[in-house]
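Dear colleague,

I am handing over the structure below, and after it you will find what was found in it. Please read the notes with the model open beside them.

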Amino acid sequence: MTETQPDALLVENVHPDADAALSQLGPVSIRRLPGSPAPETLRAEAAKAKLLGIRSRTQVDAALLDVAPDLLAVGCFCIGTNQVDLSAAATRGVPVFNAPFANTRSVAELAIASIIMLMRRVPEKMTAIDRGEWLKSAEGSNEVRKKKLGIVGYGNIGAQLSVIASALGMHVYFYDIEPKLAHGNARPMESLDALIAESDVVTLHVPSTARTRNLMDASRIAAMKPGAFLINQARGDLVDVDALAAALRSGHLAGAAVDVFPVEPKGKDERFESPLIGCPNVILTPHIGGSTLEAQAAIGLDAATKLAKFLYEGSTSHAVNFPQVDAGPLQPGRTRILAPHLNRPGYLRKLNDASEQAGLNVAAQFLRTEGEIGYAIADLEGALPSGFLDIIRAIDGTIRARAITA
């Protein structure tokens with residue numbers, strides 16, 4: 001049990017499977033708010049929570065963290081964590097977890113479906129049918145077999161996509177900034193420019209970073225093969241959408257599929273606007289790459305399990321902003337002290353000294369540091385004296401401290 005009955009606040013319609021996963025190691029009181037709450041509502045509700053579960057729309061910044069001093073961890077029930085101020089969370093001793101693999105298959109399937117539809121010019125033919133026109137011609141329509149697919153970013157989604165595309169007979173090329181083991185007959189390319197020049201279809205599967213923002217700018221779009229296709233179902237700031245719209249309208253590119261945008265509506269009542277609207281042979285979707293029932297259930301289980309393990313075991317495995325420590329289940333009769341702290345010399349010695357002076361035996365100990373932050377776990381034997389956590393909190397550099405008992 002932790003010091004108090006833990007309360008978890010889940011927003012943005014996190015999948016119901018998360019509830020059982022959160023409570024798998026001990027009781028958790030779960031509150032839910034539909035959609036992404038207004039900032040003032042979120043602040044008021046988060047101030048009462050030990051755990052916060054969000055998706056992509058809810059912003060967790062330093063101001064929110066300041067009004068929620070009891071918040072222990074944040075779970076992003078999605079892949080991205082751009083909506084969280086990771087540094088501000090770390091300096092307050094709040095690890096942030098996500099579910100980076102759970103929607104891999106869903107995104108890969110949307111990408112391959114988009115490629116097939118674009119190469120058959122289905123979007124244009126559907127629009128024509130809406131106008132009462134019957135465009136049965138095969139002109140400009142192609143099979144995907146033997147076409148060259150260029151994958152930018154060969155992580156979980158990119159690698160999964162390469163397997164599916166290879167099975168359809170596509171020739172797969174990929175570029176990644178890190179060496180990656182190719183799946184099947186996929187071939188690595190030495191540079192992004194080389195991949196762009198080779199590919200009939202370029203699809204993006206990289207995170208948003210300083211290096212990748214505006215990755216496909218006007219010059220790179222112009223360098224694509226005439227009649228090629230561009231797929232962006234990763235992050236909205238990877239592509240210059242004005243340049244993409246111009247390339248589509250001029251006929252330089254034969255089509256595009258875009259699921260993410262530089263500016264997206266905050267809700268269903270806000271109007272969506274983009275220069276890509278009305279372009280020929282485009283598939284525009286409302287950020288639904290991971291929006292399948294299977295993916296959302298898997299995300300709910302993954303992120304909630306990580307939160308539960310942190311709450312009841314102190315595990316920070318797979319945290320995106322925190323030193324990763326997994327001490328495993330706590331043995332009966334022991335008390336586990338969890339102490340995020342500033343990375344300073346001698347912290348562990350001071351923790352041991354405090355335990356010894358309190359008459360406690362250190363049965364197991366774990367410490368990892370990452371940048372300016374350290375995370376110490378100590379499993380202690382003996383009765384914890386009153387005020388012991390206050391002694392730990394008073395150690396120079398301690399960010400926060402809590403205790404778990406078996």
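The structure holds 22 salt bridges, a salt bridge being a side-chain nitrogen of Lys or Arg within 4 Å of a carboxyl oxygen of Asp or Glu. One of them joins the side chains of Arg105 and Glu109, at 3.0 Å from N to O. Both residues belong to helix α5 (residues 104-119), where they are four residues apart, about one turn of the helix; helices (H or I, at least four residues) and strands (E, at least two) are DSSP runs, numbered from the N terminus.

Please keep in mind that this is a predicted model, in which local features need pLDDT of at least 70 and side-chain atom pairs count only at pLDDT 80 or more, while totals for chains, interfaces and linings use all residues. Residues are numbered from 1 along each chain as its sequence is written, and side-chain values use heavy atoms, with hydrogens and water left out.

An automatic or database domain assignment gives domain 1 (1-102 + 292-322), domain 2 (122-280) and domain 3 (323-405). The C-alpha centres of domain 1 and domain 2 are 32 Å apart, and five residues from domain 1 and seven residues from domain 2 take part in the contact (heavy atoms within 4.5 Å). Between these two domains about 420 Å² is buried, with carbon and sulfur atoms giving 41% of that area; buried area is the accessible area (1.4 Å probe) that two parts lose on being put together, summed over both. On the side of domain 1, Arg57, Asn82 and Phe101 lose the most area to domain 2, together 69% of what that side buries. The count of salt bridges between domain 1 and domain 2 is zero.

With kind regards
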